Amino acid sequence: MCELLGMSANVPTDIRFSFAGLARRGGETGPHQDGWGISFYEGRGSRSFHDPEPSARSEIARLLRQYPIKSRIVIAHVRRANRGRVTLENTHPFSRELWGRTFTFAHNGQLKGVKRLTLGRFRPVGTTDSEHAFCWMLGRLEERWGSLPKPTRLDGAVRELCAELHGLGVFNMLLSDSRTLYAHCGKRLCTLTRRAPFGTATLIDEDWRVDFAEETTPDDIVTVVATRPLTRDENWTDLAPGEVLAFRLGVPDGDETGAGVGG
């Protein structure tokens with residue numbers, strides 16, 4: 001199984017802290033040594049980094065740990081290959097343009113029979129079941145709307161498509177259109193929201209501790225989504241299998257408290 005990391009924040013936020021913990025799991029504290037990738041949104045644009053090398057030994061990953069790219073939405077992935085060779089084109093996250101927006105997607109799990117689903121104009125570059133599922137989702141969305149729908153309408157459609165894929169196997173997923181971070185739990189996914197009053201956090205996989213009270217303003221809100229908890233001294237919340245959350249500005253849809261801190 002692969003591992004996922006996502007972030008949604010109400011202001012551009014540095015995710016180096018959480019990424020450091022995830023990267024160690026890519027071939028050092030975990031077996032996910034078959035490539036990795038990360039995408040950062042900046043407004044409607046995004047920048048992505050991919051490497052088929054283990055993230056724990058990747059020079060690109062080491063660069064990103066030192067380079068504080070700030071973003072409101074981040075999606076990252078460390079891969080343990082089950083289907084598809086260990087190649088650059090098979091590393092997540094995958095990205096495509098739809099309705100003038102960059103959609104970004106990462107998945108862990110296996111989807112039996114997913115490649116029998118009919119695709120539209122979106123086609124995989126690599127050979128993973130994950131990328132096929134992503135292309136299928138985008139094709140279904142394009143069939144429904146000719147232009148970008150309102151976020152709440154897209155929320156409902158994403159939930160419907162996730163439910164279909166959930167029936168094919170394990171579908172832990174992160175998806176974004178630059179406005180919303182969607183998280184679907186197929187088997188295991190957890191979340192953590194940091195907001196005032198802020199405390200300290202210590203990574204599980206690395207000797208790194210941060211006092212977020214020294215890094216924040218009272219209005220900062222950041223939610224981190226991960227396959228497994230990344231810190232040892234914070235209260236992570238498990239999602240239920242089949243649950244889909246849509247985060248905007250660090251809070252799930254329907255939570256009106258959203259107004260970052262280091263992720």
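A residue is called buried under 20% relative accessible area, exposed over 50% and partly exposed in between, with a 1.4 Å probe and protein chains only. The exercises below concern a predicted model, in which local features need pLDDT of at least 70, side-chain atom pairs count only at pLDDT 80 or more, and totals for chains, interfaces and linings use all residues. Residues are numbered from 1 along each chain as its sequence is written, and side-chain values use heavy atoms, with hydrogens and water left out.

**Exercise 1. Determine whether Thr87 is buried or exposed, and state its place and contacts.**

Step 1. Thr87 lies in the loop between E4 and strand E5 (94–98); helices (H or I, at least four residues) and strands (E, at least two) are DSSP runs, numbered from the N terminus.

Step 2. Its relative accessibility is 12%, so Thr87 counts as buried.

Step 3. Contact means heavy atoms within 4.5 Å. With neighbours within four places in sequence set aside, Thr87 touches Pro52 and Arg79.

**Exercise 2. Describe the surroundings of Val78.**

Step 1. Val78 belongs to strand E4 (residues 70–78).

Step 2. Val78 has a relative accessibility of 1% and therefore counts as buried.

Step 3. Beyond its neighbours within four places in sequence, the contacts of Val78 include Cys2, Glu3, Leu22, Gly35 and Trp36.

Step 4. Asp34 is 44 residues from Val78 along the chain, yet their C-alpha atoms are separated by 7.5 Å.

**Exercise 3. Examine how helices H1 and H4 are covered.**

Step 1. Helix H4 (residues 151–166) comprises 16 residues and spans 22 Å from first to last C-alpha, close to the expected 22 Å; the expected span is 1.5 Å times one less than the number of residues.

Step 2. Leu154, Asp155, Ala157, Val158, Leu161, Cys162 and Leu165 are the buried residues of H4. Their packing partners are strand E6 (101–108), helix H3 (129–144), strand E7 (172–176), strand E8 (181–184) and strand E14 (244–248).

**Exercise 4. Characterise the protein as a whole.**

Step 1. The protein contains four helices and 15 strands.

Step 2. Its radius of gyration is 17 Å, close to the 18 Å of the globule rule for 263 residues, so the protein is as compact as a globular protein of that length. The radius is taken over C-alpha atoms, and the rule is 2.2 Å times the number of residues to the power 0.38.

Step 3. Of the 263 residues, 55% count as buried.
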